[in-house]
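Hi,

Here is the structure I said I would pass on. Please load it first, then read my notes below.

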Amino acid sequence: MEDYPAIEDHGLIGDLQTAALVTRKGTIDWFCAPRFDSPSIFAGILDRVRGGYFSIVPDGVQYVSKQLYLPNTPILITRFISADGVGEIVDFMPVTGEQATDRHSIVRIINMVRGEMRFRTLCRPRFDYGREQHELAILPNGAVFRAPSGSLTLHLSRPDGRTLPVENVQDLGADLLAFTTMHENDSAAIIMETACPDGPRVIPFGEIQELFEATRDYWRRWLDRSRYTGRWRDMVERSAITLKLMTYAPTGAMIAAPTASLPEELGGTRNWDYRYTWIRDTSFSVRALLGLGFTEEATRYTDWLDERVREAGNSSAPLKIMYRVDGSSDLHEEVLEHLEGYHGSGPVRIGNGAADQLQLDIHGEALDAMLLADEQGIRASHQVWRSTVRMIDWLCDNWDQPDAGIWESRSHPRDYTFGRLMSWVAFDRAIRLANRSGRPGDVPRWVQHRDAIYNQIMARGYHRGRRAFVQAYGEDVLDASLLIMPSVGFITPTDPLWQSTLHAIDRGLVSDSLVHRYKPSEAPDGLPGDEGTFNMCTFWYVAALACSGRLEDARLVFEKMFTFSNHLRLYAEEIALTGQQIGNFPQAFSHLALITTAVTLDGLLDAEGWRR
């Protein structure tokens with residue numbers, strides 16, 4: 001197998017319950033089953049030796065590889081081009097539906113477009129993050145890998161109904177190696193299935209074609225529901241598909257990313273598990289999807305969010321900041337010492353120790369999503385509203401205390417300005433919801449606390465020497481999260497206090513149009529090392545520029561940001577100083593921010609009469 005590919009040299013496929021990464025050279029090096037947050041079967045992206053992978057590559061020939069998505073779908077096509085021939089692999093996962101299941105399939109169709117090519121197939125699963133041993137049974141119609149935690153079955157398919165013309169099949173210590181020579185117009189398929197109750201079989205190729213067409217048509221029908229017709233439509237629609245791929249259909253929850261422990265700095269220790277559902281991400285997704293017209297998805301996300309609000313309100317407790325896709329909140333963090341990490345960037349962590357942090361801002365994001373949904377006719381039930389009232393009453397007693405902040409600092413709690421800002425949003429949206437629908441609540445008390453937060457931020461959150469709103473009270477550290485202050489309605493974009501803040505961020509956090517969330521050297525966060533620029537923050541910066549009247553700057557920064565996407569228009573969490581993508585991949589927040597920024601900027605450009 002090739003050395004570690006760049007993080008950005010991957011495509012994403014999925015079935016709305018789990019997902020897999022496929023390298024630009026046709027290797028599956030990340031796959032967890034049966035859910036996004038389940039133990040991995042392939043984790044070669046975290047350890048090329050111990051992690052496991054499934055590769056299908058040309059053998060004994062010089063070639064170049066190209067990769068693209070079938071238009072308007074997440075069906076991934078990897079092409080191998082050589083002087084002797086052109087072959088391709090078509091990878092996709094049939095959609096599983098809304099009933100949770102242990103059975104998931106990855107279909108790998110091999111097409112020989114021109115000439116002749118010999119393919120080398122190597123399947124090396126490593127169950128439970130490589131902690132379990134497995135056995136391999138090679139059978140006439142395929143193979144079965146069995147481990148204590150589950151099984152992986154390889155089925156075969158050809159148009160003529162026969163098994164693949166395999167020249168050599170080897171059992172390499174419970175790993176399967178095979179060679180196949182394909183000729184022009186030949187097609188074949190390998191179907192990898194988890195938890196198959198029966199043995200491997202030769203699947204009629206017509207059945208494979210039906211799965212392909214059903215998957216293609218599902219995604220195209222889904223995307224046809226988008227009402228976005230503005231600029232950058234290709235980028236926006238690819239982001240929408242990517243977000244949908246990161247949605248767990250049985251509950252409607254959206255994960256932050258399908259991967260774990262991809263580093264924010266090569267060789268660094270900022271390696272986190274993002275296969276969970278953050279309240280913040282889910283709340284922002286409501287705005288993004290409503291902006292595109294995906295009301296059904298927004299409704300599912302809102303239902304999931306409402307259930308978390310109900311749980312918090314019923315126990316008179318704050319919201320947890322993140323949950324598993326099924327709504328449970330046990331995210332115990334552990335280190336997998338036996339895996340070296342991407343390019344040796346350890347430790348490899350699963351679970352997430354930040355789950356029990358107090359982050360006050362999430363109440364604002366949740367209430368903002370609730371109000372947006374309400375304005376679109378997606379109203380919370382009476383029971384959810386009662387729980388919301390109890391949660392807001394809890395916030396009345398607790399907003400004025402230190403917390404861990406949006407960036408989940410693992411050092412001491414602080415008086416973060418962003419936490420206060422979004423607490424202001426929580427009260428403001430609760431007041432609007434109560435007044436909008438005549439629902440009961442202690443509105444005078446909420447108004448009192450909303451106004452107290454506003455006055456406190458103005459008195460303590462703005463640093464006169466820095467001439468900017470800052471990360472925490474009593475400090476002079478800039479923070480890119482405050483770029484959303486105008487968009488949530490706290491301050492007008494023409495206010496001199498905001499204008500000076502934006503100029504300070506221009507000078508202090510922006511590097512060639514890319515935005516750092518803050519500078520760790522100025523604000524120690526309890527972790528060693530540095531990090532790249534945050535894609536989400538760069539998109540927020542574009543929106544802030546646009547709303548402040550700097551449309552020329554906003555459009556240029558936005559267009560520059562597109563050059564940092566990968567060949568499939570996907571974004572990780574961050575951009576390194578080298579221009580490479582780093583962090584977990586793909587990142588929901590990056591794509592959410594791209595969508596909302598595109599909608600905002602497109603509308604402002606139209607209003608000013610800019611040509612499309």
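**Backbone notes**

D128 counts as buried, because its relative accessibility is 17% and the cut-off for buried is under 20%. This is a predicted model, so please read the values below as computed from it.

D128 sits in helix α1, residues 127–130. Its phi is positive, about 55°, although D128 is not a glycine. Y129 is in helix α1 too. Phi of Y129 is also positive, near 60°, and Y129 is not a glycine either. Y129 is buried, with a relative accessible area of 5%.

Two cis peptide bonds are worth a look. One joins A33 and P34, with omega about 10°. P34 lies in the loop between β3 (27–32) and β4 (40–42). Another joins F585 and P586, with omega about -20°. P586 lies in the loop between β28 (581–582) and α13.

**Cavities**

The count is four cavities of 30 Å³ or more. Helices α4 (279–292) and α13 (588–607) each supply at least two of the lining residues.

**A buried serine**

S387 is in helix α7, residues 382–398. S387 is buried, at 0% relative accessible area. Leaving out residues up to four places away in sequence, S387 touches V309, R310, G313 and N314.

Best wishes

How values were computed. Residues numbered from 1 in each chain as written. Predicted model: local features only at pLDDT ≥ 70, side-chain atom pairs only at ≥ 80, totals over all residues. Heavy atoms only, no water. 1 Å grid on protein atoms, 1.4 Å probe; cavity = no way out; pocket = protein on both sides within 12 Å on 5 of 7 lines; lining within 4 Å. Points joined across faces, edges and corners; volume = space filled by probe spheres on them. Helix = DSSP H or I, 4+ residues; strand = E, 2+ residues; numbered from the N terminus. Buried < 20%, exposed > 50% of the residue type's maximum accessible area, 1.4 Å probe, protein only. Contact = heavy atoms within 4.5 Å.
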